[in-house]
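Here is a short report on one protein chain.

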Amino acid sequence: QVLLVESGGGSVQAGGSLRLSCVASGSGYIFKLTRMAWFRQAPGKEREAVAIIYTGGGSTYYADSVKGRFTISQDNAKNTLSLQMNSLKPEDTSMYYCAAADERRFSHWVEPAYSYWGQGTQVTVSS
């Protein structure tokens, strides 16, 4: 079992920055994770993936809406996943979730690919 705990959300004005963190823990199982991701869900909308990282090789993927503004990274020594968010826009306002997969079934863009989820952290961007 893997436990994911996010932090770093908050309120910021448009153009500002926030850094989200997700600490993974769980009985030495962390090394089996194949990929991790950040999803977000705004009220009335479906949850969407915004950034993915493959834990082995470090390959990263971004949704078009955040490309060039968000950066996903991992610190294996600290079992921590981060999302640096710059040039934030009001449309980035969402609950942000950390997710982790221990296999490679399904596209990395879809929720079923991930077995473990954090509780979410709210990001609010005002204009």
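The structure holds six salt bridges. The model is a predicted one. Side chains of opposite charge can pair when their charged atoms come close.

| Salt bridge | N to O distance |
|---|---|
| Glu-111 and Arg-47 | 3.0 Å |
| Arg-69 and Asp-92 | 2.7 Å |
| Arg-105 and Glu-103 | 3.2 Å |

**Charged pairs**

Take the bridge between Glu-111 and Arg-47, with 3.0 Å from N to O. It ties distant parts of the chain together, as the two residues are 64 apart. Glu-111 sits in the loop between strand 9 and strand 10 (116–117). Arg-47 sits in the loop between strand 4 and strand 5 (48–54). Glu-111 has a relative accessible area of 31%, so it is partly exposed. Arg-47 is also partly exposed, because its relative accessibility is 23%.

Next comes the bridge between Arg-69 and Asp-92, at 2.7 Å from N to O. This pair also links distant parts of the chain, 23 residues apart. Arg-69 belongs to the loop between strand 6 and strand 7 (70–75). Asp-92 belongs to the loop between strand 8 (80–85) and strand 9. Are these two residues buried or exposed? Both Arg-69 and Asp-92 are buried. They are also part of a salt-bridge network, in which Arg-40 and Glu-48 are linked with them.

The side chains of Arg-105 and Glu-103 meet at 3.2 Å, N to O. Glu-103 is partly exposed, with 31% relative accessible area. Glu-103 also turns up among the contacts of Thr-34.

**The disulfide**

How many disulfides does the chain have? The count is one. Cys-22 and Cys-98 form it, with their sulfur atoms 2.1 Å apart. The pair joins distant parts of the chain, 76 residues apart. Cys-22 lies in strand 3 (residues 18–25), and Cys-98 lies in strand 9 (residues 94–101). The S-S torsion is about -75°, so the disulfide is left-handed. Cys-22 counts as buried because its relative accessibility is 0%. Cys-98 is buried too, because its relative accessibility is 0%.

**Around Leu-81**

Leu-81 is found in strand 8. Its relative accessibility is 0%, so Leu-81 counts as buried. Which residues does Leu-81 touch, leaving out those up to four places away in sequence? They are Leu-20, Ser-21, Cys-22, Met-36, Ala-37, Trp-38, Ile-53, Ile-72, Ser-73 and Cys-98. The C-alpha atoms of Leu-81 and Cys-98 are separated by 8.1 Å. Along the chain, Leu-81 and Cys-98 are 17 residues apart.

**Around Thr-34**

Thr-34 lies in a loop, between strand 3 and strand 4 (35–41). Is Thr-34 buried or exposed? Its relative accessible area is 16%, so Thr-34 is buried; the cut-off is under 20%. Beyond its neighbours within four places in sequence, Thr-34 is in contact with Tyr-54, Thr-55, Gly-56, Ala-101, Asp-102, Glu-103 and Arg-104.

**The chain as a whole**

The protein has zero helices and eleven strands. From the N terminus on, its elements run β-β-β-β-β-β-β-β-β-β-β. The C-alpha atoms fill a box of roughly 45 × 25 × 25 Å along the principal axes. For 127 residues, a compact globule would have a radius of gyration near 14 Å, and the protein agrees at 14 Å.

Of the 127 residues, 44% are buried. Contacts between residues at least 6 apart in sequence can be split by separation: 60% of them join residues at least 24 apart.

**The surface**

The protein exposes about 6400 Å². Carbon and sulfur atoms supply 49% of that area. Which residues form a nonpolar patch on the surface? They are Tyr-61, Phe-106, Trp-109 and Val-110. Together these four have about 360 Å² of accessible area. Tyr-61 is placed in strand 6 (residues 60–62). Its relative accessibility is 34%, so Tyr-61 counts as partly exposed.

Technical notes: Residues numbered from 1 in each chain as written. Predicted model: local features only at pLDDT ≥ 70, side-chain atom pairs only at ≥ 80, totals over all residues. Heavy atoms only, no water. Patch = residues over 30% accessible without salt bridge, like charges linked within 9 Å, V, L, I, M, F, W, Y side chains within 5 Å. Areas by Shrake-Rupley, 256 points an atom, 1.4 Å probe, with all protein chains shown as cover. Helix = DSSP H or I, 4+ residues; strand = E, 2+ residues; numbered from the N terminus. Buried < 20%, exposed > 50% of the residue type's maximum accessible area, 1.4 Å probe, protein only. Disulfide = S-S within 2.5 Å. Rg over C-alpha atoms; globule rule 2.2 N^0.38 Å. Contact = heavy atoms within 4.5 Å.
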